Structure formats: structure tokens, C-alpha cells
Amino acid sequence: MRAMQSMFRTKRHSVPSLNVASMPDLIFTVLFFFMIVTHMRSDEVKVHLQVPQGTEVQKLANKSAVANLYIGNLEGQWRVQLNGDLIRPEEIPARIEKIRAGMSPENAEHLTISLRADRKAPMGLVSDVKRSLQKVYALRINYSATDKNN
């Protein structure tokens, strides 16, 4: 009988251990990928603005060819901010040329100005900004708004 039991006794199978030697490589590869494809906002908005609402809102395709221009209120005065710097409208042409010089030729050709103005900003200031942009042929302007449907 003992011989029969030993003959039919099942072998105990152990679960093989998981090899995690390549896990750090995988984690760093994924981390590196997200660092490459993520675009971090580099400028801090210093002016206070209440953006108007729109019904036909679209996202910009090529964010690397975009310069952010804000018109808002700061300490009771209407101010213009280009990327991270507070400037006067007459300083815009020189700043746009400096931005274009730092871009690749393809991006400089497709430079888009993302204009985000407060809904109560004086139209004279907005016109001065647009005239300054025309001087350096920065004619591709995106007017930023929030989606009215949300």
C-alpha cells in the first residue's frame, strides 16, 4: 500500500520567482518618455484677467510655435505680458524678433500669438498691441477664450 501511495504522490510545484532586474530600466524609460513629450508652462501669468467665453473653441496644434500674450489688470492698471515679462506695447516688435531668433526656422515661420485679454480690457490697448504685432509680421493671432458649453 505504501508503494502505491508513493507512486501516485504528486510533486509539489513551486512558483518561480519574478525576475525584476530590468524593472528600473523600464521605469526610467517611461519616465524619460514623459519628460520628453510633456510641455510644461514656462511663464507665470502676472496680470489678472477674466477671459471671455466662446462657442467655437479649438486647441492649438503646435505649441512650440506659440508666444503667449496677456492683457490684464495689475494693481489697478492695464498691463501687457509677453510670455513671462511685463512690457509696454511699443516693446512688442523687439521681443517678437527675439522670440523668433530662438526658434527653429519652421517654428519661426509658423509663429502664432496666443492673445488672452481680459473681457473688460480697453479696445485701444488691444489695438495698440495688434499694431505692434503687425510691424513684425506676427499676423497669426489666436484669441483665447474659455468654452461657453462647459
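Tutor: We shall take the features of this structure one at a time.

Student: Where in the protein chain is confidence lowest, and where is it highest?

Tutor: The term pLDDT denotes the predictor's confidence in each residue, from 0 to 100. The protein chain averages 84, and 84% of the residues score at least 70. Confidence is lowest in helix H1 (residues 2-8), with a mean of 58, and highest in helix H3 (residues 92-101), with a mean of 95. Where pLDDT is low, the predicted coordinates should not be read in detail.

Student: How many helices and strands does the protein chain have?

Tutor: Helices (H or I, at least four residues) and strands (E, at least two) are DSSP runs, numbered from the N terminus. The protein chain has five helices and seven strands. Along the sequence their pattern is α-α-β-β-β-β-α-α-β-α-β-β.

Student: What percentage of the residues is buried?

Tutor: A residue is buried under 20% relative accessible area, exposed over 50%, and partly exposed in between (1.4 Å probe, protein chains only). Buried residues account for 28% of the 150 residues in the protein chain. Asn68, in strand S2 (residues 66-74), is partly exposed because its relative accessible area is 22%. The C-alpha atom of Asn68 is 4.9 Å from that of Ser114, although the two residues are 46 apart along the chain.

Student: How many salt bridges are counted?

Tutor: A salt bridge is a side-chain nitrogen of Lys or Arg within 4 Å of a carboxyl oxygen of Asp or Glu. The count here is six. One of them joins Asp85 to Arg95, with the closest N and O atoms 2.9 Å apart. This pair links distant parts of the chain, for Asp85 belongs to strand S4 (residues 85-87) and Arg95 to helix H3, 10 residues apart. Asp85 is partly exposed at 38%, and Arg95 is partly exposed at 27%.

Student: Which residues form a salt bridge with Arg88?

Tutor: Glu90 does, with the closest N and O atoms 2.8 Å apart, and Glu91 does, at 3.0 Å from N to O. Glu90 is exposed because its relative accessibility is 54%, whereas Arg88 is partly exposed at 48% and Glu91 is partly exposed at 23%. Asp85, Arg88, Glu90, Glu91 and Arg95 are linked in a network of salt bridges.

Student: Why is the aromatic pair called edge-to-face?

Tutor: A pair of aromatic rings is described by the distance of the centres and the angle of the planes. Rings of Phe, Tyr and Trp (its six-membered ring) pair if their centres lie within 6.5 Å; planes under 30 degrees apart count as stacked, over 60 as edge-to-face and the rest as tilted. The structure holds one such pair. The ring centres of Phe33 and Phe34 are 5.4 Å apart and the planes stand at 70°, so the pair is edge-to-face. Phe33 is partly exposed, with a relative accessible area of 47%, and Phe34 is partly exposed, with a relative accessible area of 47%.

Student: Which residues other than glycine have a positive phi?

Tutor: Glu75 is one of them, with phi of about 55°. Glu75 is in the loop between S2 and strand S3 (77-82), and it is exposed because its relative accessible area is 76%. Tyr137 is another residue other than glycine with a positive phi, near 55°. Tyr137 lies in the loop between H5 and strand S6 (141-143) and is exposed, with a relative accessible area of 65%.

Definitions and conventions:
Residues numbered from 1 in each chain as written. Predicted model: local features only at pLDDT ≥ 70, side-chain atom pairs only at ≥ 80, totals over all residues. Heavy atoms only, no water.
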